[in-house]
Amino acid sequence: MAVRTADNAYDAVVIGGGAAGLNGALMLARSRRSVAVIDSGTPRNAPADGVHGLLGQEGVPPAELLRRGREEVRGYGGTVVTGEVTDAVPADPSADGDPRFTVTLADGTVLRARRLLVATGLRDVLPDVPGLARHWGHGVVHCPYCHGWEVRDEPIGVLAVGPASVHHALLFRQLTDDLVYFTRGTELDQETRARFDARGIRVEETPVASVESAESTGGGDGGAIEGVRLTDGRTVPRRVLAVATTMLARTDGLDGLKLPMEDLPGGMGRHFATGPAGATSVRGVWVAGNATDPAAQVGASAAAGALAGARINADLVTADTDAALAATLVLDPRTGGG
């Protein structure tokens, strides 16, 4: 049975209660593993109105999807703990060398685990443009697949942050005929300008001063984006802004694991480096979801968590079998044991 011991020892502890973490825990719990999920309650997609592109769950509010996930994990004997990890470190291995870890929470609770699944997700860092952050997840979007249908045919502006913004603009052009590209000091070569011109994308090179909301100018649209104010005093009317964020894997409390990390191309962020199924170079630790794959949507993150959970269970099965075999050999008089 998947029952934790009195000293908070589990087969696996999952750090992160989003789609990746919960689906990993679900696979482990269904395999009769004792598993605890540590959920800080701050998912990346919390500002969004709905989850999109997930077959069978189209438009479900993110909070509802996670509520169902927690309920399902608990239904198979898993534990979900609300809290924040302040320290996760390797502990002394078992006598036969099987990995062990301790995970400490902000309230002082200490959990012990044989395996860890890190599914902490990432933080989106927005450009420092006055008025931008307040609209994040609504009038300010980053993913054409997560939000594109909902902003179709609106006047959209792309706030450039670097080379990746060129492709970003072309993706959002698929969704609207009215697109303005704000260069914000980034360079555009002649070929890109020609491609933009061919697609009817207007380029605005005057520096951006701020994002203006309807309420700030006396409008009555509940604070929706009204436009982009430029340093020359003009305001370019826009209803939606698309911007590529800097994506940083959440690493709080994980330094002690010494997990390898990699920079994303073009200075777009940093993530955990993993191999197949989220395996890391630290024995006994897997990573799944946006913490290692920043571009993964909810469905991909959930699938990655499921695969990592299955691999963790398989690893534990091997360890359990090795331990059982060793015990049998020790007890068999023909081996010279007791």
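The structure is a predicted model. The protein chain contains six helices and 19 strands, and buried residues account for 47% of its 338 residues. Across the whole structure, a search finds 21 salt bridges.

**Overall build**

- Taken along the principal axes, the C-alpha atoms of the protein chain fill a box of roughly 90 × 40 × 35 Å.
- Among contacts in the protein chain with a separation of 6 or more, 56% involve residues 24 or more positions apart.
- The protein chain exposes about 16,300 Å², and carbon and sulfur atoms supply 52% of that area.

**Charges and surface**

- Glu84, Asp87, Asp252 and Asp255 form a negative surface patch.
- Asp252, one of the residues in this patch, is placed in the loop between S16 and S17 and is exposed, with a relative accessible area of 65%.

**Loop residues with positive phi**

- Lys258 is also found in the loop between strand S16 (246-249) and strand S17 (261-263). Its phi is near 55°, a positive value in a residue other than glycine.
- Lys258 has a relative accessibility of 67% and therefore counts as exposed, the limit being over 50%.
- Asp153 lies in the loop between helix H3 (144-147) and strand S9 (156-159). The phi of Asp153 is near 65°, again positive in a residue other than glycine.
- With 63% relative accessibility, Asp153 counts as exposed.

- Side chains of opposite charge can pair when their charged atoms come close.
- Asp98 forms a salt bridge with Arg114, with the closest N and O atoms 3.3 Å apart. This pair links distant parts of the chain, 16 residues apart: Asp98 is in the loop between strand S4 (85-91) and strand S5 (100-105), and Arg114 is in strand S6 (residues 110-118).
- Both Asp98 and Arg114 are buried; the relative accessible area of Arg114 is 14%.
- Arg114 also forms a salt bridge with Asp320, where the closest N and O atoms are 2.8 Å apart. Because Arg114 lies in strand S6 and Asp320 in helix H6 (residues 298-331), the pair ties together parts that are 206 residues apart in sequence.
- Asp320 counts as partly exposed, at 29% relative accessibility.
- Asp98, Arg114 and Asp320 belong to a network of salt bridges that also includes Asp11, Arg33, Arg100, Arg115 and Asp315.
- Glu204 forms a salt bridge with Arg202, the closest N and O atoms being 3.5 Å apart. Glu204 counts as buried at 7% relative accessibility, whereas Arg202 counts as partly exposed at 41%.

Methods
Residues are numbered from 1 along each chain as its sequence is written. This is a predicted model: local features need pLDDT of at least 70, side-chain atom pairs count only at pLDDT 80 or more; totals for chains, interfaces and linings use all residues. Side-chain values use heavy atoms; hydrogens and water are left out. Helices (H or I, at least four residues) and strands (E, at least two) are DSSP runs, numbered from the N terminus. Buried means under 20% relative accessible area, exposed over 50%, partly exposed in between (1.4 Å probe, protein chains only). Contact means heavy atoms within 4.5 Å. Accessible areas come from the Shrake-Rupley method with a 1.4 Å probe; for residues, only the protein chains shown count as cover. Patches are made of residues with over 30% relative accessible area and no salt bridge: like charges are joined within 9 Å, nonpolar side chains (Val, Leu, Ile, Met, Phe, Trp, Tyr) within 5 Å. A salt bridge is a side-chain nitrogen of Lys or Arg within 4 Å of a carboxyl oxygen of Asp or Glu. Lys and Arg count as positive and Asp and Glu as negative; His and the chain ends are not counted. The place of a charge is taken as NZ of Lys, CZ of Arg, CG of Asp or CD of Glu.
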